[in-house]
Amino acid sequence: MSPPVTRRTMLAFATAVVAGPAMATPVEVAAEIAKVTRGTVLKPGQVKLDLAQMVENGNAVGVTVSAEPPAGTRVASLHLFAEQNPNPEVFHATIGPAGLPRLATRIRLATSQQVIAVAVMEDGTCWSDAVTVMVTLAACLE
Amino acid sequence: MRVLLNVPKQVKRGEAIEVKVLISHPMENGQRRDESGQVVPRQIINAFRATYNGIEVLRLALHPAIAANPFLSFAARAEASGPIELFWEDDAGVKQTETAVVEVV
């Protein structure tokens with residue numbers, strides 16, 4: 001026989017359900033970033049993340065990621081992460097031999113948070129840029 | 001999927017070919033619930049690729065954080081006249097291709 005449904009179990013259940021949209025933890029974000037950098041230390045610079053610091057609508061936020069490779073190498077890939085989204089990965093872009101190292105798109109932001117761009121160069125060095133964004137109307141919840 | 005593709009008709013050699021594409025797609029993020037409380041399954045464009053004269057410009061892995069009706073803007077260095085080809089696929093396995101021809105002068 002299953003245990004009786006008490007007020008306590010109901011409350012525990014309700015809290016678990018209402019606890020709401022999953023959010024990535026900083027550890028998960030670091031793990032996702034480590035996957036693309038293969039553990040290389042991230043240095044600031046060489047990559048630029050263009051993103052408004054105040055946005056009204058988190059459902060469509062314009063971003064541009066561009067990179068400037070150091071002399072003697074080229075940009076292999078660009079990556080974007082949103083720390084507090086349910087899934088912190090936004091995109092992974094491999095730059096082909098015919099491409100220029102920049103990409104603009106529109107993204108969803110679940111809440112005010114830090115957005116991180118990472119550029120991986122062909123020589124294996126990894127660079128990053130971060131912008132902290134205030135979001136008035138969050139995405140994902142409507 | 002309806003598509004708006006903007007590629008310049010003519011570009012000078014060595015300059016950037018700016019490619020802008022807007023794809024009509026709900027990009028269902030898999031987090032929303034419908035009226036009955038059921039999770040609406042994820043349905044997004046998850047892969048995108050662009051080539052210029054058959055050479056790769058960009059290969060993208062996309063995640064649910066890309067806004068509905070995805071807009072992408074990127075560039076290739078103009079070398080010779082030829083096609084810019086775009087390929088993408090969504091979670092339902094629907095594939096689409098778009099082509100625009102650029103004249104390099």
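How many residues does the contact take from chain A, and how many from chain B? It takes 27 from chain A and 25 from chain B, with two residues counted as in contact if their C-beta atoms, placed from the backbone, lie within 7 Å. This is a predicted model, where local features need pLDDT of at least 70 and side-chain atom pairs count only at pLDDT 80 or more, while totals for chains, interfaces and linings use all residues. Residues are numbered from 1 along each chain as its sequence is written, and chains are lettered from A and ligands numbered from 1 in the order in which they are written.

**View 1. The side of chain A that touches chain B.** Strands here are DSSP runs (E, at least two residues; helices are H or I, at least four), numbered from the N terminus. β7(A) supplies the largest share, 8 residues. By type, the side splits into 15 nonpolar, 8 polar and 4 charged residues; nonpolar means Ala, Val, Leu, Ile, Met, Phe, Trp, Tyr, Cys and Pro, charged means Asp, Glu, Lys and Arg, and the others, Gly among them, are polar.

**View 2. β6(A) meets β5(B).** β6(A) and strand β5 (residues 55–62) of chain B run antiparallel, joined by 5 bridges. Look for A:H92, whose bridge partner in β5(B) is B:A61. Strands count as paired if DSSP finds at least two bridges between them.

**View 3. β7(A) and its two partners.** Strand β4 (residues 61–67) of chain A pairs with β7(A) over 6 antiparallel bridges; A:V61 partners A:I107, and A:V63 partners A:T105. β7(A) also pairs with strand β6 (residues 71–77) of chain B, antiparallel over 4 bridges, and there A:A104 has B:S73 as its bridge partner.

**View 4. A sheet with strands from both chains.** The open sheet has 6 strands, paired antiparallel in the order β2(A)-β4(A)-β7(A)-β6(B)-β3(B)-β1(B). β2 (47–51) of chain A and β1 (3–6) of chain B sit at the edges with a single partner strand each, so one side of each has no neighbour in the sheet. From one strand to the next, the twist averages 15 degrees (axes are lines fitted to C-alpha atoms, for helices over the stretch in contact, with angles from 0 to 180 degrees between N-to-C directions).

**View 5. Around B:L72.** This residue lies in strand β6 of chain B. B:L72 is buried because 24 other C-beta atoms lie within 10 Å (buried takes 20 or more, exposed 12 or fewer, partly exposed in between, with C-beta atoms placed from the backbone). Leaving out residues up to four places away in sequence, B:L72 touches A:L103, A:T105, B:V21 and B:F48. B:V21 is 51 residues from B:L72 in sequence, yet 5.4 Å away in space, C-alpha to C-alpha.
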